[in-house]
Amino acid sequence: SEPFSEKLRVPEALTFDDVLLRPKESRVEPDDADTTSRVSTSVELSVPVLSAAMDTVTESELAIAMARRGGLGVLHQNMDVEETVAEVDRVKRADELVIREVVTASPKQTVREVDAMMEEEGVSGAPVVSEDDEVLGIISATDIRPYLEVGDRDEVREAMTDEVITAPEDVDARNALELMYEHKIERVPIVDDGNHLTGLVTMQGILQRREYDSAARDDEGRLRVGVAIGPFESERATAVDAAGADVLFIDCAHAHNRNVIESAREIEGSVEADVVVGNVGTREAAEALVGFADGIKVGIGPGSICTTRVVTGTGMPQITAVAQVADVASEHDIPVIADGGIRYSGDAIKAIAAGADAVMLGSYFAGTDEAPGRVVTMNGKRYKQYRGMGSVGAMQSGGGERYLKDTDEDEDYVPEGVEAATPYKGSVESELFQLVGGMKSGMGYVGAETIPEFKRRSEFVRVSSAGQTEGHAHDVVITDEAPNYSPDS
Ligand code: XMP
């Protein structure tokens with residue numbers, strides 16, 4: 001056999017700080033750069049940025065915020081299947097044109113009761129329906145006000161408007177808005193042929209959808225959402241697929257594993273949604289996924305909270321990992337997602353130059369308002385909790401399957417992640433704005449207007465450690481925090 005010393009003739013593998021994009025002649029202003037790209041074979045995003053499937057990062061609140069701004073949130077798997085389905089539902093319903101769970105009033109209620117109910121539900125009007133859901137009228141806060149002043153015995157029947165403008169099931173946003181303007185109303189009940197209530201369209205809902213004009217939406221106009229699925233969780237896969245999830249992410253710390261691949265292939269064959277498989281970090285692993293994966297996610301140990309490399313001695317620096325996988329995936333037109341290790345917008349655009357179609361970030365989003373968990377203050381600075389899905393805490397809450405470990409609560413764990421805190425950042429909107437803005441500026445420096453063009457045109461140079469130091473703020477004391485740069489991140 002080969003002498004062991006041959007093993008020491010090792011190939012070089014690079015990561016974000018080892019490389020920079022070579023500036024090129026350009027006619028592209030950053031604002032004109034178009035970041036549209038794909039996350040899986042049939043899902044395109046105007047902002048190819050995903051929030052990580054981690055229990056301190058993505059639940060429905062962040063997923064809604066991400067999708068509204070053109071990205072995608074991937075719900076974590078540390079909750080039971082029912083709860084995941086409910087979370088998918090929340091995202092799918094968030095910007096729906098027709099609200100299906102309508103707050104209704106009964107003609108027998110008193111005006112005061114309806115007033116209290118509307119306050120509690122946070123609505124300013126409600127269709128009045130009979131016991132079998134026939135629409136009898138509609139009542140709003142304005143209708144109610146004069147009655148409240150005089151007494152509390154009046155019935156809704158007296159206060160409501162009984163000439164209700166309704167619309168049929170097939171109404172679209174434009175018809176609904178025309179009806180509202182014509183009749184000076186703010187909500188239109190949707191009814192079936194027998195005048196039974198089936199939904200409600202509101203002015204506020206329509207305007208909100210307009211505000212998010214580059215949102216990630218499915219064919220029915222609902223926000224898109226991704227869901228992480230344990231490698232052997234076909235039950236979760238079927239349930240969220242039925243609930244309308246757009247992309248399933250078979251989520252395993254080492255997907256280049258025969259059992260995982262076999263199971264992922266079966267899951268892919270049984271659902272309608274696209275199925276992304278990961279994580280992998282080599283050419284051979286990518287080859288093993290060709291033929292069924294609708295996307296391949298890359299990252300063996302680059303994550304900020306991740307200790308896989310030191311605990312297991314295994315890993316692949318992320319720029320090389322992405323490039324190796326992309327070599328194979330691009331030949332088969334399979335999108336590649338670079339997952340983990342991205343600290344700055346510059347890292348994100350470097351990942352795309354290395355062959356990724358989209359990027360996934362955990363720590364970058366964990367400190368936002370929309371991520372789960374509360375803000376804590378330590379030494380006068382504000383933080384939010386952020387933990388690896390392979391940390392003891394996350395595995396105790398059921399996350400062990402990602403690491404192909406039993407998730408018995410009494411078990412001793414060999415964790416591959418840490419539990420940490422990350423600086424509190426405020427709303428995700430400004431974080432995404434900075435991230436995408438930096439990526440677009442990168443495209444400008446390379447002279448590429450679109451992501452495919454950028455992937456072709458971009459070239460790397462190798463950076464020395466002196467070059468790295470030069471690239472960061474140096475020889476100064478920072479006096480005002482920049483919104484997109486913190487030297488200790
Ligand atoms: P960032 O750097 O964006 O990375 O915070 C997020 C990604 O890290 C992966 N992840 C882990 N990797 N041990 C690991 O080895 C862990 O405990 C762990 N938790 C998350 C995951 O791919 C995530 O998207």
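Welcome to this structure, where 24 residues surround the ligand, and the closest are C306, T308, D339, Y386 and E416. Please keep in mind that this is a predicted model. The ligand sits in the largest cavity, and the structure holds zero disulfides.

**The shell around the ligand**

- The residues of this shell divide into nine nonpolar, 12 polar and three charged.
- Among the closest of the 24 surrounding residues you will find D339, Y386 and E416, along with C306 and T308.

**Contacts with ligand oxygen atoms**

- T308 takes part through its side chain: a polar atom there lies 2.5 Å from an oxygen atom of the ligand.
- G341 contributes its backbone, with an N or O atom 2.8 Å from an oxygen atom of the ligand.
- G362 also uses a polar backbone atom, and the distance from that atom to an oxygen atom of the ligand is 2.7 Å.
- The protein buries 95% of the 520 Å² that the ligand exposes when taken alone.

- A disulfide is a covalent bond between the sulfur atoms of two cysteines.
- How many disulfides does the structure hold? The count is zero.
- For C252, the closest cysteine sulfur is in C306, and because it is 13 Å from the sulfur of C252, it is too far for a bond.
- The cut-off for a disulfide is a pair of cysteine sulfur atoms within 2.5 Å.
- Is C252 buried or exposed? With a relative accessibility of 0%, C252 counts as buried.
- C306, one of the closest residues to the ligand, has a relative accessible area of 24%, so this cysteine is partly exposed.

Note on methods: Residues are numbered from 1 along each chain as its sequence is written. This is a predicted model: local features need pLDDT of at least 70, side-chain atom pairs count only at pLDDT 80 or more; totals for chains, interfaces and linings use all residues. Side-chain values use heavy atoms; hydrogens and water are left out. A residue is near a molecule or strand if one of its heavy atoms lies within 4 Å of it. A polar contact is a pair of N or O atoms within 3.5 Å; within protein, one must be able to donate a hydrogen and the other to accept it, and residues adjacent in sequence count only if both atoms are side-chain atoms. Accessible areas come from the Shrake-Rupley method with a 1.4 Å probe; for residues, only the protein chains shown count as cover. On a 1 Å grid over the protein atoms alone, a cavity is a set of points where a 1.4 Å probe fits but cannot get out, and a pocket is an open set with protein on both sides within 12 Å along at least five of seven lines; lining residues have an atom within 4 Å of a point. A molecule sits in a cavity or pocket if more than half of its atoms lie within 2 Å of its grid points. Ala, Val, Leu, Ile, Met, Phe, Trp, Tyr, Cys and Pro count as nonpolar, Asp, Glu, Lys and Arg as charged, and the others, Gly among them, as polar. Buried means under 20% relative accessible area, exposed over 50%, partly exposed in between (1.4 Å probe, protein chains only).
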